[in-house]
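My plan is to look up a few things and write down what I find.

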Amino acid sequence: MAFWRTKKWSYMYRKHNSSIHDEMDVCSMFDSSDESDSSDESDSSEESDSSDEADSSDECDLSEESDSADKSKTGYKRIKSKHPRSTYNVEDKKEKKENGNIIQHIYNTGLDHDDWSKAMDTFLVCKINGVHNPNIMRNNPENHAEQLLIRHLKKKYKEKKMPFKLTVYINNSPCSMCAKALENFLNKNQNVKLTFYVTNMYHIKRTSCFKARHFEHLNSIPKKSHKANSEGLRDLLRHKRCNIKAFNMGVWKELLNTVDVLPKLKTKLIGGYNRIQHANKRSRGYEDDLIKKDLMYLKSYKK
Ligand SMILES: [Zn+2]
Ligand SMILES: [Zn+2]
């Protein structure tokens, strides 16, 4: 069982975060229903209605990835199950599986440089002020996932109350347009600190790919998009309240402990971190390491 489910931890968490909890309605980090004997169910059930905004689009069904053009699959969804712990059932398991598919999609993006199909769908998990129960967003034909996130935050919070710490786990680095939008967002909200963990540098000719002589891959990226995306990402990398980083083992553990997934997925992803897995050409560990170096190089690169 995941550690955040344990009563002791949960209790400590509530204690330390009670003030945040009151202020930020989106941050219902624990369904108190997780604990059958919990005495304060009322507040969490009220809070859970913040998910009402998550329209009919709730479903992030990866089983039909080709559906990405379906407009109904827009917005975000609440990851945490609304079902009380005591009624742990098929629905609960289904939700964990769906969450697991999303995490697996983020994990697998970029592990084969000859196949970028996974990078076509962007999934973003956003943790607000360090609490659990994050939001998930997926791109759609009209909006990139980052745009949906910014829109959601603006709608949810008045400017003064904008959360301080945003942690985003995402499979594509922001494109030039989103990088600009994020920069503007940061400049308008001076108290916000943003951390992005990426599993792929979106449409950028990477230094490590030149070293590995991935000419086919490199040639598939138009010069124009490379220029715009790398400049946008570099500006964002240099923003003093924005951190763009590669994942590492610790970050994967953090993500897997944040999102409600089946325990066997954790074992699979963490256990296989340094192994080349079925259908991939690289291990996640190897790729994360290269992304880290490529980001550092991009940050220091002079115009
Ligand atoms: Zn974008
Ligand atoms: Zn490559």
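At what angle do helix α5 and helix α8 pack, and how far apart are their axes? I started there, keeping in mind that this is a predicted model.

**Entry: a helix pair**

I looked up the two helices by residue range. Helix α5 covers residues 176-188, and helix α8 covers residues 223-237. They pack at an angle of about 25°, and their axes are 8 Å apart. An angle under 35 degrees counts as roughly parallel, so α5 is roughly parallel to α8. I also noted the hand of the crossing, which is left-handed.

Next I listed the residues that make the contact. From α5 I wrote down Ser176, Ala179, Lys180, Leu182 and Glu183. From α8 I wrote down Ala228, Asn229, Glu231, Gly232, Leu233, Asp235 and Leu236. Then I sorted the contact by class. I got 5 nonpolar, 3 polar and 4 charged residues.

I turned to strand β4, residues 165-170. Is this strand mostly covered or mostly open? It is mostly covered, with 5 of its 6 residues buried.

I then checked which strands pair with β4. Strand β2, residues 123-128, is joined to β4 by 5 bridges, and the two run antiparallel. I picked out one bridge here: Cys126 has Val168 of β4 as its partner.

Strand β5, residues 193-198, is joined to β4 by 6 bridges. This pair runs parallel. Here I noted that Lys165 stands opposite Lys193 in β5.

**Entry: Lys93**

I looked up one residue in helix α3, which spans residues 90-108. The residue is Lys93. Is Lys93 buried or exposed? It counts as exposed, because I find 12 C-beta neighbours inside 10 Å. The cut-off for exposed is 12 or fewer.

I also looked up its distance to Asp260. The C-alpha atoms of Lys93 and Asp260 are separated by 9.7 Å. Along the chain the two residues are 167 residues apart.

**Entry: the whole chain**

Last, I stepped back to the totals. How many helices and strands does the protein chain have? I recorded 11 helices and 6 strands. The chain has 303 residues, and buried residues make up 35% of them.

I finished with the contacts between residues at least 6 apart in sequence. Of these, 70% join residues at least 24 apart.

Methods
Residues numbered from 1 in each chain as written. Chains lettered and ligands numbered in written order. Predicted model: local features only at pLDDT ≥ 70, side-chain atom pairs only at ≥ 80, totals over all residues. Helix = DSSP H or I, 4+ residues; strand = E, 2+ residues; numbered from the N terminus. Buried ≥ 20, exposed ≤ 12 C-beta atoms within 10 Å, placed from the backbone. Contact = placed C-beta atoms within 7 Å. Axes fitted to C-alpha atoms, helices over the stretch in contact; angles between N-to-C directions. Parallel < 35°, antiparallel > 145°, perpendicular 65-115°, else oblique. Left-handed = near helix turned anticlockwise from the far one by under 90°. Nonpolar A, V, L, I, M, F, W, Y, C, P; charged D, E, K, R; others polar. Pairing = 2+ DSSP bridges.
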